[in-house]
Amino acid sequence: MSDRTLITTRNLSVHYPLRGGLIGPRQVVRAVEGVSIEIARGSFFGLVGESGSGKTTLGRALLRAAPITHGEVIYDDGEVEYDLAAIDKAALKDYRRRAQLIFQDPYAALSPRMTVRDIIAEPLEVMGLTKSRAETDERVREIAARCRLNLEHLRRFPHAFSGGQRQRISIARALVSRPRFVVADEAVAALDVSIQADVLNLLKDIQRDMGLTFLFISHDLSVVAHVCDHVAVMYLGRLVETAPTRQLFARPRHPYTRALLSAIPSLDPDERGRAQKLEGEIPSPTNPPPGCKFQTRCPYAIDRCRKEEPELEHIGAEHNVSCHRWRELSEELAMA
Amino acid sequence: MTRLLDVENLTLQFDTDEGRITAVDDVSFSIDQGQVMGLVGESGSGKSVTAKSLMKLNARNAVYGPQTKITLHLDDGPVDVMALRSAREMQVVRGGAISMIFQEPMASFAPAITIGNQMVEQLLIHTDMSKKQARELSIEMLARVGISDAAKRFNQYAFELSGGMRQRAMIAMALSTRPRLLIADEPTTALDVTIQAQVIDLMKDLVAEFGMAIIFITHDLGVIAQTADTVAVMYLGRLVEQGPVREVIRTPSHPYTRGLIAALPDLEHLDKPLTPVPGDIPSPLERPTGCVFHTRCSVAIDGLCQREVPQFTQLDDHHRVACHLAARERGAA
Ligand SMILES: Nc1ncnc2c1ncn2[C@@H]1O[C@H](COP(=O)(O)OP(=O)(O)OP(=O)(O)O)[C@@H](O)[C@H]1O
Ligand SMILES: Nc1ncnc2c1ncn2[C@@H]1O[C@H](COP(=O)(O)OP(=O)(O)OP(=O)(O)O)[C@@H](O)[C@H]1O
Ligand code: SF4
Ligand SMILES: [Mg+2]
Ligand SMILES: [Mg+2]
């Protein structure tokens with residue numbers, strides 16, 4: 001761990017018990033399994049993967065909002081250091097201010113009966129971070145301006161706003177406590193393309209100006225490619241590959257990452273049918289296959305893959321991959 | 001090519017508590033047999049209600065404009081859809097000549113009836129098959145769209161299937177009556193990219209095999225580029241540009257279409273900054289006068305675009321655009 005790392009996890013697992021029938025073995029959902037990850041301070045860290053791969057669960061575990069079943073999560077922003085699996089109540093209260101979440105759905109997340117000012121001010125009041133109403137107002141105005149909301153907006157109720165404006169309100173609310181770490185879970189997924197770019201640019205500007213660290217969860221790889229400096233790819237609760245963005249998009253090493261990238265529909269009508277087709281669907285996390293979790297869909301799976309689970313292996317500058325065959329495949333595919 | 005559908009001057013308003021709102025305003029387009037038309041536009045631009053109009057499936061508070069004319073050209077002669085009244089008359093389009101895959105994933109299947117029973121019931125209404133034949137065809141269609149264990153799935157409920165499987169089952173049901181026109185409303189939006197790629201492939205195979213036409217509704221231009229022959233772009237209830245997919249994507253001519261393409265993150269140019277279309281989509285209660293896009297348009301002509309609705313300018317045989325600036329440039333050239 002370098003002293004520039006904000007979040008470090010070691011073998012982090014999050015399991016949810018399933019309330020099944022009365023008979024039979026008790027089942028668990030292995031939503032996140034054995035994840036070791038480092039998120040550098042000030043980075044815009046992307047987390048991608050298919051639905052159900054554990055992105056939200058991992059994000060919530062880093063916010064201490066999902067149970068940490070095994071493993072370690074260390075938070076270190078230079079001022080304080082917390083071991084999240086063993087954190088006490090007082091420290092957790094402080095951590096809640098330092099780590100915040102931006103929700104996906106700008107329509108569901110905002111209470112319809114509160115003014116925009118009260119929605120943004122609420123975290124300050126709940127956490128007791130300001131001493132007077134005047135101070136609260138000052139903080140609200142400051143963050144609202146940064147999120148390109150004006151004083152007129154603050155007096156209104158959220159229903160009067162479009163999707164893009166609502167998402168800016170959610171962002172202001174998440175940032176008003178001056179967090180160091182922000183998890184943005186599908187923060188632009190519900191927005192139209194024409195306004196999505198505006199919210200993404202806002203997030204980038206704020207991250208740079210305020211020196212924040214972002215965990216940006218998204219299923220949209222093109223968006224991730226544009227805004228993130230680092231990307232981690234998840235599959236069935238595991239990390240399959242992590243790398244600096246450029247590296248990952250130029251030289252993906254895991255067969256799943258390759259398939260994901262090639263499945264993005266190209267805007268060029270003459271590139272039809274070039275996607276590398278992946279058969280089947282993601283297996284259930286209650287009953288994951290033995291060996292490599294991707295073996296049921298991997299076109300390159302061999303016997304070893306079906307028996308032995310690959311470890312996340314360091315293969316070059318900040319590039320990690322979890323595949324038995326990555327080396328021979330990159331030679332083979334480079335020749336083809 | 002043989003014409004399948006003509007939509008002329010489709011105008012559709014809804015009576016609401018807040019007054020009458022215009023959802024579709026004077027939209028015209030045509031589709032030939034076997035052709036795939038993409039329909040794109042922002043949320044609320046009127047894509048779904050346009051599609052539902054073709055089967056007169058809009059809610060009860062819908063009011064169609066008097067000029068609206070929708071003609072479906074079938075082998076037995078043309079059908080005037082607006083003139084269909086009773087449920088019996090409507091049968092020729094609903095689930096017969098036209099099938100629709102709905103945007104709301106669960107809307108296509110009744111929750112309490114098995115997938116198989118719904119498919120069979122639909123076939124019994126629209127064909128003269130026996131129950132046994134209907135059952136066999138349904139299972140065959142489920143298998144055809146890549147559902148393994150089709151006979152077993154036949155007895156399951158929609159909620160028991162994964163997202164990708166449910167989408168396949170919906171396609172199987174929509175196709176089992178062999179429609180001439182399939183309307184697919186955001187059929188892949190809720191799916192992961194790898195599953196989306198499978199479903200897109202499947203739809204292409206089926207077009208080739210069944211020779212039907214498709215209206216493919218999506219807000220994803222990449223999906224359009226991969227599937228459609230022609231594309232129509234909607235904004236706030238109006239068609240702003242339409243033409244062959246290559247022309248529209250390579251030489252977009254409406255400022256909104258251009259903005260939409262510029263706003264897309266491009267994997268080939270990671271350094272290119274993301275360019276939003278400025279401003280927000282106006283609420284349908286505050287429809288702009290003149291060109292509906294003028295409040296967000298960076299090249300609007302002062303005094304003209306705010307006042308006058310732009311008519312279509314023909315750029316070449318099939319590519320046309322509704323923009324004053326394009327008309328002016330065309331006139332000057
Ligand atoms: N509270 C919970 N109890 C039981 N199972 C859960 C719970 N939360 C999540 N899961 C399961 O854990 C797995 C991972 O879910 P998670 O929401 O983290 O995935 P995701 O990658 O965020 O997916 P999506 O892209 O759909 O948001 C899923 O199988 C999910 O059903
Ligand atoms: N029954 C109804 N009553 C009143 N307004 C309606 C009704 N149905 C649709 N509308 C309105 O008509 C307009 C067009 O809606 P439509 O569902 O066609 O949009 P869309 O382009 O399909 O959007 P999306 O991409 O979000 O699916 C919207 O403003 C919508 O609110
Ligand atoms: S370990 Fe085997 S199954 Fe897993 S990704 Fe690599 S080649 Fe495929
Ligand atoms: Mg999630
Ligand atoms: Mg719709």
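In this predicted model, an oxygen atom of ligand 1 lies 3.2 Å from a polar backbone atom of A:Ser53, a polar contact being a pair of N or O atoms within 3.5 Å. A backbone N or O atom of A:Gly54 is found 2.9 Å from an oxygen atom of ligand 1, and a polar side-chain atom of A:Thr56 is placed 2.7 Å from an oxygen atom of the ligand. Taken alone, ligand 1 exposes 640 Å², of which the protein buries 62%, with accessible areas computed by the Shrake-Rupley method with a 1.4 Å probe. Two elements of chain A, strand 2 (28–40) and helix 1 (55–62), each give two or more residues to the shell around ligand 1, where helices (H or I, at least four residues) and strands (E, at least two) are DSSP runs numbered from the N terminus. The largest share of this shell, three residues, comes from helix 1 of chain A. Among the residues around ligand 1 are A:Tyr16, A:Glu50, A:Lys55 and A:Pro285, a residue being near a molecule if one of its heavy atoms lies within 4 Å of it.

Strand 2 of chain A also gives the most to the lining of the second largest pocket, with eight residues. This lining comprises 34 residues, of which A:Ser36, A:Ile37, A:Leu239, A:Leu312 and A:Asn320 lie nearest the centre of the pocket.

Residues are numbered from 1 along each chain as its sequence is written, while chains are lettered from A and ligands numbered from 1 in the order in which they are written. Local features need pLDDT of at least 70, side-chain atom pairs count only at pLDDT 80 or more, and totals for chains, interfaces and linings use all residues, whereas side-chain values use heavy atoms, with hydrogens and water left out.

Notes
Polar contact = N/O pair within 3.5 Å; in protein donor to acceptor, adjacent residues only side chain to side chain. 1 Å grid on protein atoms, 1.4 Å probe; cavity = no way out; pocket = protein on both sides within 12 Å on 5 of 7 lines; lining within 4 Å.
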